[in-house]
Amino acid sequence: MILERKYSIESDHDSERERVNYMLDNMHLNKAYVHSLARIGTGKAEHVLIEYKENYQQYRRAWRSNPRYAIQHALHNEKFLKSGLMPLCVDIEVASSCNLACQFCYRQWIATPDKLMHKELYYAIIDQCVELGVPSIKLNWRGESLLHPLLPEFIDYAKKAGILETIINTNAVTLDEARSKALIKSGLDLMIYSFDGGTKTTYEKMRVGRFKENRFEDVYANIRRFARLRQEMGAKFPRTKIQMILTEDTFSEQERFFELFSDCVDDVSVKAYSERGGRLSDLDEQTHKILGNYFQERGIPKSPAHWRDLDGNLFISKGRLPCEQIYQRLMVTYDGRVSMCCYDWGSEYPIGYLDTQAFNYAERDYEAVLDKVRRGKKGFELLSQVKMPARYIAPPQEVQTLKEIWYGDILNNVRRMHCEGHIENIPICRRCIFKDTYQWVKVGPINEIQQSGDHC
């Protein structure tokens, strides 16, 4: 049986369809396709273009269909190996450093080193991705990708190697004119902005600078300038997307948020708030009270996880679902530690290593963060609550390949427990707040719940 799944990124339009159509319409400009023609000649251009389009469509269909198929057939261990399912994306943390100290960010409570990935490790990862047939890479995870000076070079290497789609997330704080032009020329396919707030007051409250003041108008100008430069350079890539998390402060600013960016960003979306340590509220006081009354009236002893979507509909959790990410992607930290999920912020449940530095030196990097906090170093003043990440599992201290890790015992054991309904047996999954892993039941718009309560 396939249980219906609700996804945490929402928009007022079909974001996925628009993304696919945009890529297909402009596939002749995709740098992977362009570089392939340089190698094989233009005589096969039409045939190769059709192949690239088909590969992209297959990749985007597989993003949802592969996990659905794997979960439905309980694929793990030998069954999963025989399926031949490969990761659809590898998230490569080229920079774990960040120039912001957002109040909702996990970095406020899990020590995270300010490090850059060595280019030799990056190149090795890309080569392995190509060998595996991985269609997409995302060049960030816990940090700000624009802080790596070799980012355009890294993107270019991936496109020349044949990676179909390259993606970054960015806070756009350092997206100046030079970086903008370099990214456009590099072949980057998709750039996702993180921008929380429809007003200056909310944005600057949510996204605080670590080393210097972060100003709404500066970042907004960076985003608008990028759109102008892309147009002036006659470029279609990268396609741009912007996301805002929905908290008590931002929920009422959705309309303003869409107005700010609808004319300069290709896709404007919002995302459900997931607690990462800042203990922000995603509900106003009145809605919290209404929800509490709802639980009390129905004799629900413990408040389950809740969610208010962009339209104001309220949902409560009635259980967990197997996670799709364990069938979609892998995460690689700056030092080669591999994780199975983007919500394992401290890489607390590593499933393998791609480089010896991940087990020879990594703990020192995390301890150095605590030392800087204790000494009150600049940029660490707002991180006073951080602690060392937990280490729930210790893989053998040996270097493996992405393929060995993807089909390895640790990840397959996780897949087995998810398929068998034993998510609670995996500590990192048991406390996961990723809303896509919950089964939601709608309890109605706030005003309907309020009216129902008024009649009780």
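A residue counts as buried when its relative accessible area is under 20%. The structure shown in these views is a predicted model.

**View 1. The buried acidic residue D267 has no salt bridge.** D267 belongs to strand 7, which spans residues 267–272.

**View 2. A salt bridge joins E177 and K181 within helix 7.** The structure holds 32 salt bridges, and the pair of E177 and K181 is one of them. The closest N and O atoms of E177 and K181 are 3.1 Å apart. Both residues lie in helix 7, which covers residues 177–186. E177 and K181 are separated by four residues, or about one turn of the helix. E177 has a relative accessibility of 37% and therefore counts as partly exposed. K181, with a relative accessible area of 31%, is likewise partly exposed.

**View 3. A salt bridge between E363 and R337 links distant parts of the chain.** In this pair the closest N and O atoms are 3.2 Å apart. E363 is located in helix 13 (residues 362–374), whereas R337 is located in strand 11 (residues 337–339), and the two residues are 26 residues apart. Are the two partners buried or exposed? E363 is partly exposed, as its relative accessible area is 30%. R337 counts as buried, because its relative accessibility is 2%.

**View 4. The side chains of E420 and R416 form a salt bridge.** The N-to-O distance in this salt bridge is 3.1 Å. E420 has a relative accessible area of 42% and is partly exposed. R416 is also partly exposed, with a relative accessible area of 27%. Elsewhere, salt bridges with shared partners connect K200, E204, R215, E217 and D218 in one network.

**View 5. Helix 6 and helix 7 run roughly parallel to each other.** Helix 6 comprises residues 151–161, and its axis comes within 9 Å of the axis of helix 7. The two axes cross at roughly 5°. Angles under 35 degrees count as roughly parallel, and helix 6 and helix 7 are therefore described in this way. On the side of helix 6, the contact involves L151, P152, I155, D156 and K159; on the side of helix 7, it involves A182, L183 and S186. Among the residues of this contact, five are nonpolar, one is polar and two are charged.

**View 6. I426 is a buried residue in a loop.** The loop that holds I426 lies between helix 15 (409–419) and helix 16 (427–430). What is the relative accessibility of I426? The value is 0%, so I426 counts as buried. With residues up to four places away in sequence left out, I426 touches M340, Y349, V414, M417 and H418. I426 and Y69 are separated by 357 residues in sequence, and their C-alpha atoms are 22 Å apart in space.

How values were computed. Residues are numbered from 1 along each chain as its sequence is written. This is a predicted model: local features need pLDDT of at least 70, side-chain atom pairs count only at pLDDT 80 or more; totals for chains, interfaces and linings use all residues. Side-chain values use heavy atoms; hydrogens and water are left out. A salt bridge is a side-chain nitrogen of Lys or Arg within 4 Å of a carboxyl oxygen of Asp or Glu. Buried means under 20% relative accessible area, exposed over 50%, partly exposed in between (1.4 Å probe, protein chains only). Lys and Arg count as positive and Asp and Glu as negative; His and the chain ends are not counted. Axes are lines fitted to C-alpha atoms, for helices over the stretch in contact, and angles run from 0 to 180 degrees between N-to-C directions. Angles under 35 degrees count as roughly parallel, over 145 as roughly antiparallel, 65 to 115 as roughly perpendicular and the rest as oblique. Contact means heavy atoms within 4.5 Å. Ala, Val, Leu, Ile, Met, Phe, Trp, Tyr, Cys and Pro count as nonpolar, Asp, Glu, Lys and Arg as charged, and the others, Gly among them, as polar.
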